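Dear colleague,

Please read them alongside the coordinates.

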Amino acid sequence: MDSTDIDRFDTSRFEAGRNRLASLAYRLLGSAADAEDAVQDAFLHWQAADRQRIKVPEAWLTKVVTNLCLDRLRSAQARRERTVGAWLPEPLLDGDPMLGPADTFEQRESVSLAVLTLMERLSPVERAVYILREAFSYGHAEIAEILDITESASQQHLHRARHHITTARRGSGEPDPASARRIVEAFLAAASSGRTERLVALLTDDATAISDGAGLTKKLLRYDTPERIAVIARAGFKSTPAKQRLAGGVSEVHFALVNGAPALLFVPGGKVVGAVTFDIADGKIATVRGIAAPARLVRLADAWRQHEPDAPLITEW
């Protein structure tokens, strides 16, 4: 092959693994936009490398992407963004290739909004070890090679990461999808009708709610009691002309799965402008997240436009 044919062949090898690399980067960074940037940077490294000397391209690219993501997590800008209380994982519509692999419970859990949030408590290396082991089934020898650490250190990092996540995790196992949908639909019915007592009954005693304030506030808004969450939900789900103007028109409210969890999407004119996601624990709602900052919804909104949704739960909000 001449040099042009070799370049085409090597580019096709990279593209064949792009989704896997993007999924790895998304789990490490919690942001689809940042994950895409990391993968593109990895492609530039791939083009600049002496590819004839790379024996196992998949392993080489995994190492490059992982370390590019670690550099981002360690950067001063990332530390500022993630420590001032303004950070939430970017939600993705189920079926997005960036969410794969999703064959095992551990793989699905590692991309849930709950675990992506919990991983903020880990050091960058602990986070990388946890993802490489739990989501991609790498052995400790392989992880040690990727991260330039010892196998013993890899095992210790994994133990600490599992401990942090298991201790903070709410509930156990995966909720039944049909039951989760019924709970979310009951929440929507109670919130839109102003039934505060019913809302409180649907929440765990230690439920929390988090909102990004549609990107209009620098810090996340947090509510820590079922009663307070019920009041906020009742107000938030009440349709008003002002909210319709802010949303860009009258919205439909659809049920969807986002990062494997039940969610309500607010969709005026086919465009997603808001997402409310729910973590279900032991038959009740443990966490509510309101995400409406446009920058956090770009990829989800693009995916929704190519999606065939079920009938809306509310046709005019």
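Trp-60 counts as partly exposed, at 27% relative accessibility, where buried means under 20% relative accessible area, exposed over 50%, and partly exposed in between, with a 1.4 Å probe and protein chains only. Please note that this is a predicted model, in which local features need pLDDT of at least 70 and side-chain atom pairs count only at pLDDT 80 or more, while totals for chains, interfaces and linings use all residues. Residues are numbered from 1 along each chain as its sequence is written, and side-chain values use heavy atoms, with hydrogens and water left out.

The structure holds six aromatic pairs (rings of Phe, Tyr and Trp, the last by its six-membered ring, with centres within 6.5 Å; planes under 30 degrees apart count as stacked, over 60 as edge-to-face and the rest as tilted). The rings of Trp-46 and Trp-60 have centres 5.8 Å apart and planes at 55°, so this pair is tilted. Trp-46 is buried, at 1% relative accessible area. Phe-237 and Phe-266 form another tilted pair, with 5.8 Å from centre to centre and 55° between the planes; Phe-237 is buried at 8% relative accessibility, and Phe-266 is buried with a relative accessible area of 8%. One aromatic cluster is formed by Phe-187, Phe-237, Phe-266, Phe-278 and Trp-317.

Best regards
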